[in-house]
Amino acid sequence: MSAEPLSPSETESRLESLPGWALEGDRITRTFRLPSHFAAAALTVHIAQIQDELNHHSDLTLGYNTVALAVHTHSAGGAITEKDLTLAARVAAAAPAHGAE
Ligand SMILES: C[C@H](O)[C@H](O)[C@H]1CNC2=NC(N)=NC(=O)C2=N1
């Protein structure tokens, strides 16, 4: 998996296939809304599992019924890379089973 920086325009075009994800500053972000606090907490654990499996980690924020991610690649100087898009896709695939929108 490449850790080459993606340009902002390339990132924007790749995010078209990841609904709900957006480029904000130097990170890609998404906030999920869950049916309960417990469901939100469960999603954070699932995301932590995915992140350890990929050895790629977001800033992950648990709210009352929300889970927010902000991702970039530290080892690429904080740029967006393929690793961030892979993590975003894996989280997007896992979230619906937790009732996330
Ligand atoms: C040593 C370990 O491989 C690195 O610290 C990994 C872990 N998780 C990471 N996560 C993110 N987002 N960027 C990285 O560069 C990164 N590097």
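Trainee: Where is T44 placed?
Mentor: T44 sits in helix α2. Keep in mind that this is a predicted model.

Trainee: Is T44 buried or exposed?
Mentor: T44 is buried. Its relative accessible area is 14%, and buried means under 20%.

Trainee: What is T44 in contact with, leaving aside neighbours within four places in sequence?
Mentor: L60, L62 and V67.

Trainee: Let's switch to the ligand. Which residues are around it?
Mentor: N55, H56, H57, H72, T73, H74 and S75.

Trainee: How does that shell split by class?
Mentor: It has 7 polar residues. There are no nonpolar and no charged residues in it.

Trainee: What does N55 do there? How far is its polar side-chain atom from an oxygen atom of the ligand?
Mentor: That distance is 2.7 Å.

Trainee: And which residues come up to a nitrogen atom of the ligand with backbone atoms?
Mentor: H57 is one, with a backbone N or O atom 2.9 Å from a ligand nitrogen. H74 is another, with a polar backbone atom 3.1 Å from a nitrogen atom of the ligand.

Trainee: How much of the ligand does the protein cover?
Mentor: The protein covers 62% of the ligand's accessible area. On its own, the ligand has 390 Å².

Trainee: Back to N55. Where is it in the fold?
Mentor: N55 is in the loop between α2 and β3, and β3 is residues 59–62. Its phi is near 50°. That is a positive value in a residue other than glycine.

Trainee: Is N55 buried or exposed?
Mentor: Exposed, because N55 has 61% relative accessibility and the cut-off for exposed is over 50%.

Trainee: What about H56? Which loop is that in?
Mentor: H56 is also in the loop between α2 and β3. But H56 counts as buried, at 8% relative accessibility.

Trainee: So what is H56 in contact with, away from its sequence neighbours?
Mentor: Leaving aside neighbours within four places, H56 is in contact with Q51, V71, H72, T73, K83, D84 and L87. H72 and T73 are also among the residues around the ligand.

Trainee: Which residue makes a side-chain polar contact with the side chain of H56?
Mentor: D84, at 2.7 Å. D84 is also one of the buried residues of α3.

Trainee: Tell me about α3 then. Why does its length make sense?
Mentor: Helix α3 covers residues 82–94, which is 13 residues. At 1.5 Å a residue they should span 18 Å. The end C-alpha atoms are 19 Å apart, so the two agree.

Trainee: Which α3 residues are buried?
Mentor: D84, L85, L87, A88, V91 and A94.

Trainee: What covers the buried residues of α3?
Mentor: The cover includes α1 (8–15), β2 (27–33), α2 (37–54) and β4 (66–71).

Trainee: And A92, how accessible is that one?
Mentor: A92 is in helix α3. A92 is partly exposed, with a relative accessible area of 24%. Leaving aside neighbours within four places in sequence, A92 is in contact with W21 and R30.

Trainee: New topic: F32. Where does it lie?
Mentor: F32 lies in strand β2. F32 is buried, with a relative accessible area of 2%.

Trainee: Which residues does F32 contact, beyond its neighbours within four places?
Mentor: L43, N65, T66, V67, L69, V91, A95, A100 and E101. V67 is in contact with T44 as well, and V91 is one of the buried residues of α3.

Trainee: How far apart are F32 and G99?
Mentor: They are 67 residues apart in sequence. In space they are 9.5 Å apart, C-alpha to C-alpha.

Trainee: Last one, T11. Buried or exposed?
Mentor: T11 counts as buried, at 1% relative accessibility. T11 lies in helix α1. Leaving aside neighbours within four places in sequence, T11 is in contact with L6, L23, I28 and I80.

Conventions: Residues numbered from 1 in each chain as written. Predicted model: local features only at pLDDT ≥ 70, side-chain atom pairs only at ≥ 80, totals over all residues. Heavy atoms only, no water. Near = heavy atom within 4 Å. Polar contact = N/O pair within 3.5 Å; in protein donor to acceptor, adjacent residues only side chain to side chain. Areas by Shrake-Rupley, 256 points an atom, 1.4 Å probe, with all protein chains shown as cover. Nonpolar A, V, L, I, M, F, W, Y, C, P; charged D, E, K, R; others polar. Helix = DSSP H or I, 4+ residues; strand = E, 2+ residues; numbered from the N terminus. Expected span 1.5 Å × (residues − 1). Buried < 20%, exposed > 50% of the residue type's maximum accessible area, 1.4 Å probe, protein only. Contact = heavy atoms within 4.5 Å.
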